[in-house]
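Open the structure in your viewer and keep both the sequence panel and the selection tool at hand.

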Amino acid sequence: MSNPVYRPNRRALLRGTAAAGAAALIGSLPARRLMAQDAPAKPAEIIVRAWGGSWVEALKKGVSDPFTAATGIQVRHDLTEDNEIQPKVWASVAQGRVPPIHINWDTTTNATKSALRGVTEDLSDLANLANTTDLAKPVGLDGYPIVNTYGYVYVLAYRPGAFPDGAPTSWKVLLDPKFKGRIALYNDGIGFHFPAQVAGGGNLEDIPGNMQPAWDFITQVKQQQPLLGEDPDFTAWFQNGEIDIACTISTNAREAKKNGVDLAWTVPEEGAKFDTDGLWIPKGLPENELYWAKEYINFAISQDAQQVWCDGLGLPGVVPGLTPPEDLVGDPSYPDTPEEMAHLIRISTKVQVENESEWFSKFKEIMQG
Amino acid sequence: MPNPSPEFRYPLHWRLMDAVERIADLVWPRRLSRHTGWLFIAPALLLVGLLVLGLIQIADASLRTLDTSTFLMSEDWSTENYRKALSSSTYLTVAWRSLSAAVLTTVLTLILAFPYAWALVRVKKAWIRKALLITLFLPFFIGQVVRAYGWLIILGNSGMVNEALSLVGVTPMRLLFNYGAVVFGLVQYMLPFAVLLLVPALTAIPEETETAAGSLGASWPRILWHVLLPMAKPGLIGAGLVVFTLTLTDFAVPAMLGGGGQDFIANAIYDQFFRTADQGLGSALALILVAAGSVLVGLVFMIFGAGTLAMGGRK
């Protein structure tokens, strides 16, 4: 097996000025294509599955509203959880029905499962792919069954009041007895397995073969009686003073901070998990709806849409030359230097897809024991 | 039968009824009248049939394993999912937690529901009965999730209870996200179900029976123990069975009040279906839950009878 650990090279993500020049040229393409006279009949609406809160707001502002303005096609956001829409889409494709959504905004790992199952349309013909970084390409899959749209980091979010001496520097702070019962992790441990491997004294190169250091560290964390939940739980728990530290996606921490929660975040010395989300189209759509769904994704990876969408999320996009939001300049959760990228942990999607169920089960075994 | 006089005019509603009868005769001829009973239960049979079909499909899925290179279910059948489910310490822990919480919730709910139901039946003043009924039915209009969320607000570190405790010098304490909080939430949710099932059983006990026992010198606890509880046994069993099965299969309360560390079997099933996409293992867990619940309920039926659920059968 090839080395599953991929420390992204920022040079690969941010191409040179030549690419940026091409971007300016291609940037005008969507509008022209959207106006094309020979385009198939427009559907009344396109349904995009999305995450709620600041996530869907950013998508609406950056992609959906401008898409509607350019095409006249309404965009409806279906806020069904990504995990819950998956079996519905799989069932609809298996039964030859029209799928319940046109576009799935999904984690790359989940999307890869759908691609492996053969329920995704090929997106290789999207014109704006020419202007994207390597981050947009799903690793280990033929063509583009998914288009990755940005990267994100599972940071260590903390309440500054609980750290008067400054930001925590290590994930081992979770073992500090004063934080007993005041820690939150995702309820399947997502985002935490890999830094736990390092904090437990193991090597990333040993993933997935030997993750005992991760399980040992998580077992120690279990003694601290962590709360386990999802994104909205974390915000509520911070707001209600239930927790002091959490492993969460930086977007959630940033949104909570914007809403007045006293919150900061850091990437500890062991590193933090870096992953991507993407967009894909399920098979089974009528031809004209497939065309416009592809146009939506094509627009989503245009320079203009990426700038606004990723600004709202506070995450690095897949188009070169995007300007980071002011509050995230130099922030490790918005990696835009080779040094910052080198400090993050990225495990190949293939390894994650093949082993995720086992990791979730092991995490549950420890936490439910 | 004498002919009606020529002046007699058939009322319109008679004519309508005749028409309805003719149409009914076309749809369901009189010669089929001995099968009319089957016609009445046909919708119910259809629903049960659909459930059985669903169970057959779940049973089929439970015998197929997930291939994580294609995320498709295997073509061949095997008992691998059952082996995994029954040999996993996680699932055994979760199953034991579900079962113990179901028993505890049932006992606590019946203890609280019985006096409430008795008061509802025996109270003389109409306004008190109405108040009790409103208090009972109000939670029915509020879903389980909203109620659980309410407890998050009330019992949270900055919630009403902790604020009240701080007024008397008690430092805020963690009241949520533990086993006790889950059982508490379940008891609160199940209470109206238990009361509603107990009320008919207590209504059937003549008040004179209690009066007679009292007039013969029985104290109130003796009346309760020797008269009321034995006579209310069918209601207690019926209510207990409903509360037990609903608790055993509950999802929302453990998910919300358990803080992620107090999962029940339903939460484990959800994880398999929606988090790891392993419908085979999820189906196996679901069937094990159905089987375990059915066996336990069957045991209660055998030992205590079906209570009010027997509908006139064995008491």
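Buried means under 20% relative accessible area, exposed over 50%, and partly exposed in between (1.4 Å probe, protein chains only). This is a predicted model: local features need pLDDT of at least 70, side-chain atom pairs count only at pLDDT 80 or more, and totals for chains, interfaces and linings use all residues. Residues are numbered from 1 along each chain as its sequence is written, chains are lettered from A and ligands numbered from 1 in the order in which they are written, and side-chain values use heavy atoms, with hydrogens and water left out.

**Salt bridges in chain A**

Select A:Asp125 and A:Lys294. They form a salt bridge with the closest N and O atoms 3.3 Å apart (a side-chain nitrogen of Lys or Arg within 4 Å of a carboxyl oxygen of Asp or Glu). A:Asp125 lies in the loop between helix H6 (108–117) and S4 of chain A, and A:Lys294 in helix H11 (residues 287–300), so the pair ties together parts that are 169 residues apart in sequence. Helices (H or I, at least four residues) and strands (E, at least two) are DSSP runs, numbered from the N terminus. A:Asp125 is partly exposed at 48% relative accessibility, whereas A:Lys294 is buried at 15%.

Next, take A:Asp275 and A:Lys273, another salt bridge, at 3.3 Å between the closest N and O atoms. Here A:Asp275 is buried at 5%, and A:Lys273 is buried at 3%.

**Strand S7 of chain A**

Select residues 245–249 of chain A: 5 of the 5 residues in this strand, S7, are buried. Strand S4 (residues 147–158) runs antiparallel to S7(A), joined by 5 bridges; two strands pair if DSSP finds at least two bridges between them. A:Leu156 has A:Cys247 as its bridge partner. Strand S5 (residues 183–186) runs parallel to S7(A), with 2 bridges, and A:Ala184 is partnered by A:Ala246.

**Between the chains**

Show chains A and B together. Each gives 29 residues to the contact (heavy atoms within 4.5 Å). The area buried between them is about 2,500 Å², with 46% from carbon and sulfur atoms; buried area is the accessible area (1.4 Å probe) that two parts lose on being put together, summed over both.

Which salt bridge does B:Arg275 form with A:Glu230? Their side chains meet at 2.9 Å, N to O. There are 5 salt bridges between chain B and chain A.
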